[in-house]
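Hi everyone, thanks for coming. Let me put today's structure up on the screen, and then we'll walk through it together.

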Amino acid sequence: MKKLLCVLLCLVLLVPSALADTAPVKLAEDTPLYTSLYERSMELAGLFNEALHSEAYLSFLSIPSDYQEELALVQMQDFTQPWDVTIVCGENALSSNDIGEVSVLLEQAGLSPALAALTQQRIYTGIGAILLNQSDIATVALSSAMRLTDAYIKPEEMSAPCFVVMQYGGLYAFLVTFCPTANGTVTVNAQFIPSRAADALNIPLE
């Protein structure tokens, strides 16, 4: 558990200063990219909901007994029925983020192009960690342990990282990040976050 928290802390310190390349754009529901990201996100939300109620799956995670109360709260929410879905594309994912550009920072760090690309990808898919920063340890641990990851061929219309926020009118939201890679694929990270934490995302009004 201590190692997990150390990793999260590193991401928390890294993300605010590294995601500021492009202004975010809110996708319209009638665009092809919105449709494909929505379908992928709904699929992951369904799998997450299934995992949440599977004793066999939860046993693989070895969740400490101390966190059972928090787990019960998360299980009370149906993640397959969002009442609002917002999809945004652009690297400036955090509303408080105003320091430097990813490409500039990585160039100054002296990383090779390949390592810089992997680092940028890891930073972006770690947005959930910064959003969990103000949460209690049980929420951080559960969200991290139950995080789902995936990868698939990049759609032609995707030119920047994207994130999907699903709200349910309850305690928790579901965040899915999509990060295109140099080899033509997209890495996907999905996890629950406190609903209030989504306020820190840089979501344009329209």
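Predicted model: local features only at pLDDT ≥ 70, side-chain atom pairs only at ≥ 80, totals over all residues.

Residues are numbered from 1 along each chain as its sequence is written, and side-chain values use heavy atoms, with hydrogens and water left out.

Okay, the sheet. Helices (H or I, at least four residues) and strands (E, at least two) are DSSP runs, numbered from the N terminus, and two strands pair if DSSP finds at least two bridges between them. Here we've got an open sheet of 6 strands with antiparallel pairing, in the order β1-β2-β4-β5-β6-β3. At the edges are β1 (25-26) and β3 (148-153); each has a single partner strand, so one side of each has no neighbour in the sheet. β1 runs antiparallel to β2 (residues 84-89), joined by 2 bridges, and Lys26 stands opposite Val88 in β2.

Now, which helix is largely enclosed by the rest of the structure? That's α8 (residues 137-145): 7 of its 9 residues are buried, so the rest of the structure largely encloses it. By buried I mean under 20% relative accessible area, with exposed over 50% and partly exposed in between (1.4 Å probe, protein chains only). The buried ones in α8 include Val140 and Leu142.

On to the rings. Phe, Tyr and Trp rings (the six-membered one for Trp) pair if their centres lie within 6.5 Å; planes under 30 degrees apart are stacked, over 60 edge-to-face, and the rest tilted. Searching the whole structure turns up 8 aromatic pairs. One is Tyr34 with Tyr38, stacked at 6.1 Å centre to centre and 10° between the planes. These two are 4 residues apart in helix α2, so about one helical turn separates them. Tyr34 is buried at 8% relative accessibility, while Tyr38 is partly exposed at 31%.

Then there's Tyr172 and Phe192: centres 5.3 Å apart, planes at 85°, so that pair is edge-to-face. It links distant parts of the chain, with Tyr172 in strand β5 and Phe192 in strand β6, 20 residues apart. Tyr172 is buried at 4%, and Phe192 is buried at 0%. Both belong to a cluster linked by ring pairs, along with Phe48, Phe79, Tyr168 and Phe174.

That's my tour, thanks!
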